[in-house]
Every structure is written in C-alpha cells, then in structure tokens.
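This briefing covers one protein chain, from its overall form to its side-chain contacts. The points are grouped by topic.

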Amino acid sequence: MKQKDIALIAIIIIFSGMISFFAGRYLFATPDNRQVKAEVVDAISTEFIQPSTKYFNERSVNPTQLIQIGDGSNVTPFSGRN
C-alpha cells in the first residue's frame with residue numbers, strides 16, 4: 001500500500017467512527033428527566049377459594065384416565081401383520 005492509501009483509510013475510519021458515535025448518541029440516548037410508570041401489583045394471599053362443585057365433583061369425567069382402544073394383543077403394531 002502506498003502512503004496515500006493508508007492516510008485515506010485512516011481518515012475514513014476516523015470520520016465513520018465520529019458519525020457512528022454521534023448518530024448512536026442521538027438515536028439511543030434517553031432523556032435525563034424520563035419518568036417511568038409501573039403497574040401496582042396486588043399482594044399474594046394465602047387464602048384458597050374452592051372451585052365450583054358443579055364442575056369438580058366425584059361424578060365428573062377424569063381426563064387423566066388411560067383410554068384403550070381394542071384388545072392391544074399385537075406386540076408388533078407396525079409390522080403389517082397381526
């Protein structure tokens with residue numbers, strides 16, 4: 001590289017660094033007097049309200065029970081033979 005090329009690259013680097021610095025400060029700077037508002041959260045209570053007996057009772061359907069379709073005697077279900 002020639003001496004002029006190195007000087008030109010250095011000037012370009014310095015100039016682009018200054019532009020990036022000032023553009024970044026302008027775009028991402030926050031004002032000093034910015035007020036932030038947050039929601040107020042209610043305190044957690046230790047009380048537990050029982051669910052309605054209309055839906056939760058001993059006669060309702062239990063979705064965790066095992067559902068079996070057929071007799072299940074085939075030990076190799078994907079072999080194509082029974």
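Phe 21 counts as partly exposed, because its relative accessibility is 47%, a value between the 20% and 50% cut-offs. The model is predicted. Its protein chain contains 1 helix and 0 strands, and 0% of its 82 residues count as buried.

**Overall form**

- The radius of gyration of the protein chain is 36 Å, whereas a compact globule of 82 residues would have one near 12 Å.
- The C-alpha trace spans about 90 × 55 × 15 Å along its principal axes.

**Helix α1**

- Helix α1 covers residues 3-28, and Phe 21 is found in it.
- The 26 residues of α1 should span 38 Å at 1.5 Å a residue; the end C-alpha atoms are 37 Å apart, which agrees with that expectation.
- Helix α1 is hardly covered, as the count of buried residues among its 26 residues is 0.

**Aromatic pair**

- How many aromatic pairs does a search of the whole structure find? The search finds 1.
- The pair is formed by Phe 21 and Phe 22, whose ring centres are 5.2 Å apart. Their planes stand at 75°, so the pair is edge-to-face; the cut-off for that class is over 60 degrees.
- In general, the distance of the centres and the angle of the planes describe a pair of aromatic rings.
- Is Phe 22 buried or exposed? Phe 22 is exposed, since its relative accessible area is 55%, whereas Phe 21 is partly exposed at 47%.

**Nonpolar surface patch**

- Phe 21 and Phe 22 also belong to a nonpolar patch on the surface, together with Ile 14, Phe 15, Met 18 and Ile 19.
- The residues of this patch together have about 670 Å² of accessible area.

**Segment after α1**

- Where is Ile 69 placed? Ile 69 lies in the segment after α1.
- Ile 69 counts as exposed, because its relative accessibility is 80% and the cut-off for exposed is over 50%.
- Ile 69 and Leu 27 are 42 residues apart along the chain, and their C-alpha atoms are separated by 63 Å.

Conventions
Residues numbered from 1 in each chain as written. Predicted model: local features only at pLDDT ≥ 70, side-chain atom pairs only at ≥ 80, totals over all residues. Heavy atoms only, no water. Patch = residues over 30% accessible without salt bridge, like charges linked within 9 Å, V, L, I, M, F, W, Y side chains within 5 Å. Areas by Shrake-Rupley, 256 points an atom, 1.4 Å probe, with all protein chains shown as cover. Salt bridge = Lys/Arg side-chain N within 4 Å of Asp/Glu carboxyl O. Helix = DSSP H or I, 4+ residues; strand = E, 2+ residues; numbered from the N terminus. Buried < 20%, exposed > 50% of the residue type's maximum accessible area, 1.4 Å probe, protein only. Phe/Tyr/Trp six-rings, centres within 6.5 Å; stacked < 30°, edge-to-face > 60°. Expected span 1.5 Å × (residues − 1). Rg over C-alpha atoms; globule rule 2.2 N^0.38 Å.
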